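The following exercises are to be worked with the sequence and the three-dimensional structure at hand. Each task is followed by a solution in steps.

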There are 2 protein chains.
Amino acid sequence: MTTGRGPLIIIGGHEDREGDRVVLRAVADALHGGKLVLATVASHRHEGYLSAYQAAFAGLGVGEIVELYVAEREDADDAETLALLDGAAGVFFSGGDQLRITATLGHTPVEARIRELWEGGGLLAGTSAGASAMSGTMIVQGPSTETHRIGDLQMAPGLGLVPDVILDQHFAERGRIGRLLGAVAQNPRVLGVGIDEDTAILVQGDRFQVLGSGGVYVADGADITRSNIAEAKADSALSLFDARLHLLSAGDAFDLVSRRPTRLSEADEEG
Amino acid sequence: MTTGRGPLIIIGGHEDREGDRVVLRAVADALHGGKLVLATVASHRHEGYLSAYQAAFAGLGVGEIVELYVAEREDADDAETLALLDGAAGVFFSGGDQLRITATLGHTPVEARIRELWEGGGLLAGTSAGASAMSGTMIVQGPSTETHRIGDLQMAPGLGLVPDVILDQHFAERGRIGRLLGAVAQNPRVLGVGIDEDTAILVQGDRFQVLGSGGVYVADGADITRSNIAEAKADSALSLFDARLHLLSAGDAFDLVSRRPTRLSEADEEG
């Protein structure tokens, strides 16, 4: 499954841009000095993103940084836009609205080219909306810092780069454990992964490790014995027994197949 | 263990005072028309609490409502204050600072009298700080809506009414899952119970049931396989593998001895 594919770096938003820049440094390292395509498609107003990220990556050894913006779906086969991806070492999806990424790029030549780049070993990274979009089924909207009610969650097909995982971001900062549990309860086959700000998971094959200053919550519904997700009314508060929860931080890793966390030995650590 | 003791109603703050008043109604029902002592000790400025709660309880069949306020610890053996508790059917601790409750009342005649009332079958209720204070060891301060760092949690001895439980409040609203896990990781003997706003647990003996519109999170650390709580630095993000998490809502119950959730049958439901 992992043959040839590059890494994914999935970021919970607000990655540090001025201090140690641990998360951006990991992105830079994975590019090996190559060209980075900044995909600002998630944003309705993309002005200023390119210069902000050029400044943020300054001194980290990234080659050229170019911006890929697609305003309308009909522009997603534009030759000039596709040419931006030539020779790129990676693509970085910035924040905004995850639905803009999938609705604009889904099943277009631009998406195909980005996937090709990844299949050939290139890096794909995403922060905030750019993180959510990598899910198989992604969270579009749902309650933060309030009781999770069954009908409050809006989901949509994501880019499917991490197919059996639902990725959520700004996780502790926006109090999103309720909505992640709500998502997992809908189909416990899928793991819920909630990433704090200035924190990322580096996915390589079937395993990820945690980078950055915050936490990563993994909600595993495999052992759920009961939930009211299918029987109750939309405005009912969620009820769910026996979820398993891991809270990971820098130096921890997780196997997506065995669904088990591990502590990296010092020798294993990267980034 | 439960012989003679009255119920506890432990509320996550911001209980509804104008609509269905499900939580306040449960408090009123447990008083059976008797006198309620509103203990506003948690607050530095207690003015207005009495009239607000008198209005909130209006029409729910509560008898007299009187206020018990103790400004300084040295006043906690005052005969007039103690007399307020004579003939009371219950005590309701309002919100503020939980440390004011324990520092002012801990090991005083007022506390002894309140406990006596409960041992004799009276109701004890508490909201927000008044909920936290009922814990064996209580959370005084800790991060909300941010990554939980090991050194961020301040705890203190509580009133010990629910000895092996750490009670947290405003739970979803203030994004407190991180700090509850951090508390539980320090000693997994203790269950973490996080209560959303306008939501309560009604504790009777070794069992509680959920009332109100929100959720109740139960974090059980019994199966934790690894955490960094004892080994890492104070500013490290918490890491913890294999916590068990239940999310309960109205109609669910929980056994504090077997540590198991159950769904109440319709016949069981109260309030």
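**Exercise 1: The surroundings of a serine**

In this predicted model, A:S227 is in contact with A:A185, A:S239 and A:L240, once neighbours within four places in sequence are left aside.

Task: State in which strand A:S227 is placed, and which backbone nitrogen lies 3.2 Å from a polar atom of its side chain.

Solution. 
1. Locate the residue: A:S227 belongs to strand β13 of chain A.
2. Examine the side chain of A:S227: one of its polar atoms lies 3.2 Å from the backbone nitrogen of A:I229.
3. Apply the cut-off: a polar contact requires a pair of N or O atoms within 3.5 Å, and the separation here is 3.2 Å.

**Exercise 2: A loop residue**

Task: Determine between which strands the loop containing A:A222 is found, and which residues A:A222 touches when those up to four places away in sequence are not counted.

Solution. 
1. The loop that holds A:A222 runs between β12 (216-220) and β13 (226-227) of chain A.
2. With residues up to four places away in sequence excluded, A:A222 touches A:P188 and A:R259.
3. For a distance across the chain, take A:T137, which is 85 residues from A:A222 in sequence; the C-alpha atoms of the two are separated by 17 Å.

**Exercise 3: The open sheet**

Task: Give the order of the strands in the open sheet of nine strands, and identify its edge strands.

Solution. 
1. The order in chain A is β3-β2-β4-β5-β1-β10-β11-β15-β16, and the pairing is mixed.
2. The edge strands of chain A are β3 (65-68) and β16 (260-263), since each pairs on one side only.
3. On average, neighbouring strands of this sheet are turned by 20° against each other, direction ignored.
4. For one pair within chain A, consider β4 (residues 88-93) and β5 (residues 123-127), which pair in the parallel sense over four bridges. In this region A:F93 stands opposite A:G126 of β5(A).

Definitions and conventions. Residues numbered from 1 in each chain as written. Chains lettered and ligands numbered in written order. Predicted model: local features only at pLDDT ≥ 70, side-chain atom pairs only at ≥ 80, totals over all residues. Heavy atoms only, no water. Pairing = 2+ DSSP bridges. Helix = DSSP H or I, 4+ residues; strand = E, 2+ residues; numbered from the N terminus. Axes fitted to C-alpha atoms, helices over the stretch in contact; angles between N-to-C directions. Contact = heavy atoms within 4.5 Å. Polar contact = N/O pair within 3.5 Å; in protein donor to acceptor, adjacent residues only side chain to side chain.
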